[in-house]
Amino acid sequence: MTRSGLKLSGVSAAYRDTPVLHHLDLEVNQGELLVVLGPSGAGKSTLLRVVAGLQAATTGRVLIGGRDVTALRPGRRNVSMVFQSYALFPHLTALDNITFGLEVRDMPRKAARERAAAAAATVGCAHLLDRRPGQLSGGERQRVALARALVREPDLFLLDEPLSNLDLELRTETRGELKALHARLGVTTVHVTHDQTEALVLADRLAVLRDGRLEQLGTPDEIWRTPATVFVARFVGSPAMNLLPADGPLTPDGAPAARPPGHRIGFRPEAVRLGDVGTPAAVERVDVVGEDAYAYLRLAGDGPVITARVPSASRPFPGEPVRAAVRWADVHVFDGDGRRVTGA
Ligand code: ADP
Ligand code: MG
């Protein structure tokens, strides 16, 4: 049986009278890396703050490792949080910043410093211990913040957009290191991000949050292959999935005759085939990104625009008339409320 690392039941949170989280139920297995993915303002940071005890839940309970911590102070929850801003003390060296979490727990100074140095070595910042945050690059600061969180040997790690301040190359590299670190340490982790690529790469399971509600929970594969709602379908994947009314202007190959009005069909840019058959379309624009090209096609004269991903070597040119076809097997169907229709 899998043990529970973190469990939220019926958790709500609010700022003054404005509700931000709405009766969330969510369980993270012991040792699992759960990524919470959602756009800015979805309530991701609030969720972490409630778990850490920095903010009170207005309803519901928080359990860590089976223990109800709802009423416990942050210091009693054995949780470490890495803030988006890193929140390092500017006047302290990296070593003192890392040690800080331990000294407030009355650990002897020498032992604390040894633990801090070991944590720093784990995340590759052992050579930076004498520097103050002002003397560190963004990536180095991020490592120190991570070491400060690690040194406490927490039951639960909370990471709030830990890669968002890094430039793209460093973000990709650090993402890989975080994944390896998690595999090595096996600490239950909730990693928050608005970046769908980061979420897909890192997550054991992924929770998509929208306006303080859980939109879908599943493995990255499940989220990708069977998005539960239009929101998830469009939020995960870049460029976003195409969406058209089910009864018009593009009829997928093999589609059933009856396609209810009000339903919508979705298909990813890579599912669109350009050739001699299909719906007539005009190429409005083409973006070339190395091997791939993204063609923006206006369907059927003055219809909607869809995106097609094609090999850049065989891309069409703006103004060119083409035909676009999609196989029914590549189509997702959503009802009028934006929920996935299964068995369609
Ligand atoms: P995310 O981290 O997903 O971007 P947040 O949890 O920071 O979202 O915010 C969720 C919502 O709560 C947003 O609408 C935001 O404006 C609001 N909010 C966040 N912090 C505060 C605050 N201190 N006071 C009032 N509203 C806040
Ligand atoms: Mg946030």
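View 1. The model shown here and in the views below is predicted. Valine 341 is found in the segment that comes after strand 18. Its C-alpha atom is separated by 23 Å from that of leucine 200, a residue 141 positions away along the chain.

View 2. Three strands form an open sheet in the order 11-12-18, and their pairing is antiparallel. Strand 11 (242–245) and strand 18 (332–334) stand at the edges with a single partner strand each, so one side of each has no neighbour in the sheet. From one strand to the next, the twist averages 30°. Strand 12 (residues 264–267) and strand 18 run antiparallel and are joined by three bridges. Within this pairing, isoleucine 265 stands opposite valine 333 of strand 18. In a regular strand, side chains alternate between the two faces of the sheet.

**View 3. The hairpin of strands 1 and 2.** Strand 1 (residues 4–15) and strand 2 (residues 18–29) run antiparallel, with eight bridges joining them. Lysine 7 has glutamate 27, in strand 2, as its bridge partner. Two residues lie between the strands of this hairpin. In the turn, arginine 16 has a positive phi of about 50°.

**View 4. The residues around ligand 1.** The shell around ligand 1 consists of Tyr15, Val20, Pro39, Ser40, Gly41, Ala42, Gly43, Lys44, Ser45 and Thr46. By class, four of these residues are nonpolar, five are polar and one is charged. Helix 1 (residues 44–52) gives the most to this shell, contributing three residues.

View 5. For threonine 46, a side-chain N or O atom is 2.5 Å from an oxygen atom of ligand 1. For lysine 44, the distance from a side-chain N or O atom to an oxygen atom of the ligand is 2.8 Å. For tyrosine 15, a side-chain N or O atom is 3.4 Å from a nitrogen atom of ligand 1. Ligand 1 has 560 Å² of accessible area on its own, of which the protein covers 53%.

View 6. Seven of the nine residues of helix 1 are buried, so the helix is largely enclosed by the rest of the structure. The buried residues are Lys44, Thr46, Leu47, Leu48, Val50, Val51 and Ala52. Two of these, Lys44 and Thr46, also belong to the residues around ligand 1. An α-helix has 3.6 residues a turn, so residues three or four places apart point the same way. Glycine 53 follows helix 1 and has a positive phi, near 90°.

**View 7. The whole chain, for orientation.** The secondary structure of the chain comes to eight helices and 18 strands. Along the principal axes, the C-alpha atoms fill a box of roughly 75 × 45 × 40 Å. Of the 344 residues in the chain, 47% are buried.

Note on methods: Residues are numbered from 1 along each chain as its sequence is written. Chains are lettered from A and ligands numbered from 1 in the order in which they are written. This is a predicted model: local features need pLDDT of at least 70, side-chain atom pairs count only at pLDDT 80 or more; totals for chains, interfaces and linings use all residues. Side-chain values use heavy atoms; hydrogens and water are left out. A residue is near a molecule or strand if one of its heavy atoms lies within 4 Å of it. A polar contact is a pair of N or O atoms within 3.5 Å; within protein, one must be able to donate a hydrogen and the other to accept it, and residues adjacent in sequence count only if both atoms are side-chain atoms. Accessible areas come from the Shrake-Rupley method with a 1.4 Å probe; for residues, only the protein chains shown count as cover. Helices (H or I, at least four residues) and strands (E, at least two) are DSSP runs, numbered from the N terminus. Ala, Val, Leu, Ile, Met, Phe, Trp, Tyr, Cys and Pro count as nonpolar, Asp, Glu, Lys and Arg as charged, and the others, Gly among them, as polar. Two strands pair if DSSP finds at least two bridges between them. Axes are lines fitted to C-alpha atoms, for helices over the stretch in contact, and angles run from 0 to 180 degrees between N-to-C directions. Buried means under 20% relative accessible area, exposed over 50%, partly exposed in between (1.4 Å probe, protein chains only).
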